Amino acid sequence: MAKQEREADKYVKDKWYQNIWYHHKAKIIIVLFLAVAIFAFVYSSLTKSDIDLYVIYITADPEVFGERISSLETSVGIFTEDITNDGKISVFVDNIYIGANHETDQVYKNKERIMTNLRAGTCFLILSDETGLEYLISSDSLCLLEDEFPDTELTGYYIDLRETLFFDRPLMEGFEGNLYMALRQFKGTIAELNSNSLKTFEQSKNVFLNILTNRTINIKPDEQN
């Protein structure tokens, strides 16, 4: 005959599970949250591709055509070195809009995101339209080009890429409007104290000068002029 479980024993076991949840509910939730967070972080670290260059592209309106962003990433990538040594060039162009025709709250958040990235030293090469350029100059975010490139004739805070050979490539055909390129201020900022920021800044300076002088680092046959 199967041994029948006493009601008292069953009560004790049920109470044990109930007590664990009752007394340690907060701890259990925290542990589960941390476990999920750690898993997400590890998964992201293992699957994300390394970025050779992060570029902020500031415009009045959001770029609705993904092909234009892809064209920018590929075009800038032609002048970018493989600093991650993974055998491929990865440029990420982050389009952030700040035009007055959009909701004030969202524009404020976007401007905060721009400043956060610039202060953190994660981005030094900046592309923009007229609206983005005006904002950057008014916020004293840009370096004087004559200070960073004393052996050139560069002056001011930016260059107009329409006056370079950057738009002569097939990838940039159909790209309307002006496109300006600038560098985030580095000297005299807290970013000077960070070795990673210094590496990013030097990479950005090299790409800036490569684009200006049309010095290609890596180029495919179908990307020739």
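## Aromatic pairs and surface features of a predicted chain

The accessible surface of the chain comes to about 14300 Å², and 55% of that belongs to carbon and sulfur atoms (Shrake-Rupley method, 1.4 Å probe; for residues, only the protein chains shown count as cover). This is a predicted model, in which local features need pLDDT of at least 70 and side-chain atom pairs count only at pLDDT 80 or more, while totals for chains, interfaces and linings use all residues. Residues are numbered from 1 along each chain as its sequence is written, and side-chain values use heavy atoms, with hydrogens and water left out.

**Overall layout**

- The chain has six helices and five strands (DSSP runs numbered from the N terminus: H or I of at least four residues for helices, E of at least two for strands).
- Along the sequence, these elements follow the pattern α-β-α-β-α-β-α-α-β-β-α.
- Of the 225 residues, 36% count as buried (under 20% relative accessible area; exposed is over 50% and partly exposed lies in between, with a 1.4 Å probe and protein chains only).
- Among contacts in the chain with a separation of 6 or more, 71% come from residues 24 or more positions apart (a contact means heavy atoms within 4.5 Å).

**Aromatic pairs**

- Rings of Phe, Tyr and Trp (its six-membered ring) pair if their centres lie within 6.5 Å; planes under 30 degrees apart count as stacked, over 60 as edge-to-face and the rest as tilted.
- By this rule, the count comes to nine aromatic pairs.
- One of them is the tilted pair of F79 and F166, with 6.3 Å centre to centre and 35 degrees between the planes.
- F79 sits in the loop between α2 (66-77) and β2 (91-97), and F166 in the loop between β4 (158-160) and β5 (180-183), so this pair ties together parts that are 87 residues apart in sequence.
- F79 is buried at 1% relative accessible area, and F166 also counts as buried, with a relative accessibility of 1%.
- F186 and F201 make a stacked pair, 4.4 Å centre to centre with 10 degrees between the planes.
- This pair links distant parts of the chain, 15 residues apart: F186 is in the loop between β5 and α6 (195-213), and F201 is in helix α6.
- Both F186 and F201 are buried.
- Ring pairs also link F79, F166, F167 and F175 into a cluster.

**Charges over rings**

- R162 lies over the face of F167, 3.8 Å from the ring centre (the rule asks for NZ of Lys or CZ of Arg within 6 Å of the ring centre and within 35 degrees of the ring normal).
- The charged end of K205 sits over the ring of F149, at 5.5 Å from its centre.

**A nonpolar surface patch**

- I137, Y157 and Y158 form a nonpolar patch on the surface, with about 250 Å² of accessible area together.
- Patches are made of residues with over 30% relative accessible area and no salt bridge, joining like charges within 9 Å and nonpolar side chains (Val, Leu, Ile, Met, Phe, Trp, Tyr) within 5 Å; a salt bridge is a side-chain nitrogen of Lys or Arg within 4 Å of a carboxyl oxygen of Asp or Glu.
- Y158 lies in strand β4 and is partly exposed, with a relative accessible area of 35%.

**Positive phi values**

- Most residues other than glycine have a negative phi.
- D140 has a positive phi, near 55 degrees; D140 lies in the loop between α4 (130-138) and α5 (145-148) and is exposed, at 67% relative accessible area.
- N214 has a positive phi near 60 degrees; N214 is found in the segment after α6 and counts as partly exposed at 22% relative accessibility.
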